[in-house]
Each structure stands twice: as structure tokens, then as C-alpha cells.
Amino acid sequence: MAKKDINNLGRSMRKFVFRIVIIGISLVIVSNLSNLFMTWLLRSFLNIQNIYLESELELLGTLIIVLIILLIVFIIYYRARKRELNKLTEAIERVASGDYTTKIEYSRRETMSHVYSDFNKMIAELQGVAFLRRDFINNFSHEFKTPVASINGFSSLMLERNLSEKERQTYLEIIREESERLSKLANNTILLTKLTSLDYIYDVEKYDLGEQLRQCAIILSSEWTAKQQTVTGDFAENVMFPGNRELMQQLWINLIGNAVKYTPSHGEISISLKVENMGLGETGEKMAGAARAAGAELGPGAVRAVDAAVAAVSEMDTGRSMAVVTISDNGIGMDEETKKHLFEPYYQADGSHSMSGMGLGLAIVHHIVLLCEGSIDVESNPGEGSTFTVRLPL
């Protein structure tokens with residue numbers, strides 16, 4: 001049994017025991033109050049002298065009062081549970097009709113709060129699946145026409161004509177490349193859809209970010225060496241980043257791969273990693289300067305006290321450090337219009353049509369960065385290369 005399931009079971013058992021105790025205490029109090037009420041009623045109004053008859057009537061009256069109160073409590077409880085079940089039933093009916101935006105609003109005090117929570121999680125997953133289907137039909141079906149047409153055309157040529165060995169090898173190479181393109185398109189579309197439906201990063205572990213950047217550059221070495229490009233790295237040591245290794249590797253390979261793709265032969269690509277402390281910020285520095293100026297009028301001791309306080313705040317703020325990864329190239333660059341749509345799925349600038357690509361890489365990068373609660377910026381001008389800067393909280 002998973003740890004989460006054990007915790008949920010323990011929480012449910014505690015709630016159950018607590019309710020049993022409350023019900024038991026309530027019954028004791030109600031019984032005593034009912035007994036006192038019957039005693040007062042019999043002695044004040046009926047004036048019964050027979051002690052045995054009085055005891056019997058007290059017991060009977062107390063029982064009747066308790067039963068009436070229990071009946072009222074049961075009716076109230078039944079109506080509350082019925083409302084909760086109706087809420088769940090209505091939500092299920094909306095989902096069955098195709099409304100995957102359905103979400104049940106609830107409070108933790110409700111008996112079925114854990115059911116509502118699981119229902120909302122299920123709907124979030126169904127919404128992701130629905131988005132995957134819609135996105136696959138609208139975008140993937142459009143993008144895959146070209147490679148399918150190429151595969152169909154060249155395979156038909158191979159069947160219909162007597163080809164030389166050189167022509168046959170050329171056509172087979174084209175078919176292989178287009179098949180790889182189709183496979184990559186499908187994988188990237190599925191990954192992007194999964195990222196879009198996620199609310200947080202899973203399988204988080206701390207690892208050396210600089211080492212991962214080195215490995216990604218090595219993975220792409222066949223591409224940049226083929227173009228005789230120069231790739232340099234400047235990595236801060238022991239930068240331990242809490243994240244999903246697989247997703248982050250996808251992020252860096254996409255960014256470095258783009259730099260290689262859009263940088264001409266003999267070009268230069270640089271990758272750097274450093275750690276920035278968010279510090280006091282501009283406003284904080286201005287306030288610290290004002291405090292120092294005011295302290296100067298009171299003497300050197302006051303200035304030292306202000307400096308010590310600023311240093312203490314800065315030290316406390318070291319937990320807000322950011323890993324800053326910069327990937328620069330001297331490639332073709334991009335204009336302002338391209339930068340506006342850079343992170344949109346399937347977007348390709350006019351200048352990129354001659355190069356292989358599907359416009360999904362940077363959309364995937366953008367979603368991963370957002371899930372990490374980071375940011376990504378780009379500086380670029382046509383003919384002057386591009387610089388991507390990714391900031392990630394440590």
C-alpha cells in the first residue's frame with residue numbers, strides 16, 4: 001500500500017473515532033438532560049407519588065425524547081449526505097456529457113471531501129487526455145502530411161521504376177529521415193501535451209546542473225562537430241538543482257540543439273552556468289542606503305549597526321538563489337515578430353522553412369521552465385545571433 005493511501009486511511013480512521021466519541025458524549029448529555037426534564041415534568045405538573053411509576057415514566061419519557069432527537073439528527077445528517085451525493089452525481093453527469101472542465105467545490109469538513117478531491121484529480125487527467133486528442137487531431141494531422149507524402153512518393157518510385165543502386169540508396173535515406181521526423185513529431189506532441197496538463201514537476205531529485213549541461217553538449221557533439229562549430233562552456237561548480245533529470249535534459253538539448261541548427265558552419269556557441277542571489281533587490285538597496293545616511297548623522301556605531309543588519313538580511317536571503325543558464329550563438333538570429341511567437345507550438349519563422357523542424361522544441365522548453373517556477377528570456381537580432389537565458393530557483 002502506498003504511503004499516501006496509508007496516510008489517507010489513518011486520517012479517515014481518526015475522523016471516524018472522533019465522530020464516535022462525539023456521538024457517545026452527545027448521547028450521554030442528551031440522556032441526562034432528558035431525564036432531568038422528565039423528572040421536573042412529572043414532579044411539577046403530574047404530582048405522581050408512586051416512586052416506581054415515576055421511575056418508569058421517567059425512563060419511558062427519556063427514551064422517547066432521545067429517539068425524537070436522534071430522528072431529527074438522522075434526518076439532518078441524511079439530507080446533508082444526500083446533498084453531497086447529488087453534488088457528485090451532477091458532476092459525473094456533466095463529465096459524461098463531455099464537459100471536462102467540471103470541478104467540485106468543497107470544504108475539508110465535508111464527509112466526502114476525499115472523494116471530491118480524487119474526482120477533481122481524475123477530471124484533470126481526463127482533461128489532459130481530451131486536450132491530447134484535440135491537439136493531436138488539429139496539429140499533428142496537419143504537420144504529418146509532408147513526411148507521409150514524401151514516404152509515399154519515394155516508395156512508389158522505388159516500386160514503379162528500375163533504379164540504380166545510388167538512386168535506391170538516396171530514396172531509402174529520404175524515407176528513413178522522414179520516418180524519423182514522423183516519430184519525433186509524435187513524441188514531441190505527446191510530451192508537450194503531458195507538460196500542458198501537469199501542475200507540478202514529478203520525480204524531483206537534486207543533481208549537479210553543470211554536469212548535466214556538459215553531458216547534453218557531448219550528446220550533441222556529432223552535430224556541432226559536423227558543422228565545425230566551436231562550443232565553449234563556463235559552469236559554476238556544485239550547483240545542485242532540484243528537478244526532474246529527464247525533463248531538464250530535454251530542455252537543454254532543445255536549446256543547445258537550436259543553437260547548433262541556426263548557427264552556420266565555423267560558428268561559435270557558448271554555454272554558461274552561474275548562481276545569482278536575488279539579494280535585497282533595487283528597493284531594498286535604496287532603503288539600506290537611506291538607513292546608512294541616517295545612521296551617519298548618529299555616528300560610526302550606527303553605521304556599523306545598519307551594515308550588520310543589511311548583511312544579516314542578505315545572509316537570510318541566500319535561500320532564494322537562482323541558477324542562471326545562458327546559451328548564446330552567433331547564428332542567424334531572429335526579428336521581433338518571431339520573438340513574439342517563439343514559444344507557441346508549431347510556430348516556425350519564414351527563415352526556418354529550409355531547415356528541419358516542427359516548431360515544438362521551444363514550446364516544450366517554455367512549459368518545463370514554467371513548471372519549475374523559473375523564467376526564460378531571449379535576446380536576438382537578425383544576423384547577430386541569439387542568447388537564451390533560463391533562470392531556475394534552487
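1. Two strands are counted as paired if DSSP finds at least two bridges between them. In this predicted model, strand β5 (residues 321-329) and strand β7 (residues 386-393) are joined by eight bridges and run antiparallel. Within this pairing, Val325 has Val390 of β7 as its bridge partner.

2. The overall composition of the chain may be set out next. Twelve helices and seven strands are present. Of the 394 residues in the chain, 31% are buried. Among contacts with a separation of 6 or more, 74% are made by residues 24 or more positions apart. The chain exposes about 25100 Å², and 59% of this area is supplied by carbon and sulfur atoms.

3. Strands β5 and β7 belong to an open sheet of five strands, in the order β2-β4-β5-β7-β6, with mixed pairing. Strands β2 (230-235) and β6 (375-380) stand at the edges; each has a single partner strand, so one side of each is left without a neighbour in the sheet. On average, neighbouring strands of this sheet are turned by 15° against each other, direction ignored. In general, strands of a sheet pair through backbone hydrogen bonds, in either a parallel or an antiparallel manner.

4. Helix α12 (residues 361-371) lies across β6 and β7, and runs at about 140° to β6.

5. Gln228, in the loop between α7 (221-226) and β2, has a positive phi of about 55° although it is not a glycine. Glu373, in the loop between α12 and β6, likewise is not a glycine and has a positive phi, of about 60°. Is Glu373 buried or exposed? Its relative accessibility is 66%, and Glu373 therefore counts as exposed, the cut-off for this class being over 50%.

6. A further point concerns the surface. Val17, Val21, Ile25, Ile29, Leu33 and Leu36 form a nonpolar patch there, with about 550 Å² of accessible area together. One of these residues, Ile29, is placed in helix α1 (residues 3-46). Ile29 has 45% relative accessibility and so counts as partly exposed, since that class lies between the limits of 20% for buried and 50% for exposed residues.

Terms used: Residues are numbered from 1 along each chain as its sequence is written. This is a predicted model: local features need pLDDT of at least 70, side-chain atom pairs count only at pLDDT 80 or more; totals for chains, interfaces and linings use all residues. Side-chain values use heavy atoms; hydrogens and water are left out. Helices (H or I, at least four residues) and strands (E, at least two) are DSSP runs, numbered from the N terminus. Axes are lines fitted to C-alpha atoms, for helices over the stretch in contact, and angles run from 0 to 180 degrees between N-to-C directions. Contact means heavy atoms within 4.5 Å. Patches are made of residues with over 30% relative accessible area and no salt bridge: like charges are joined within 9 Å, nonpolar side chains (Val, Leu, Ile, Met, Phe, Trp, Tyr) within 5 Å. Accessible areas come from the Shrake-Rupley method with a 1.4 Å probe; for residues, only the protein chains shown count as cover. A salt bridge is a side-chain nitrogen of Lys or Arg within 4 Å of a carboxyl oxygen of Asp or Glu. Buried means under 20% relative accessible area, exposed over 50%, partly exposed in between (1.4 Å probe, protein chains only).
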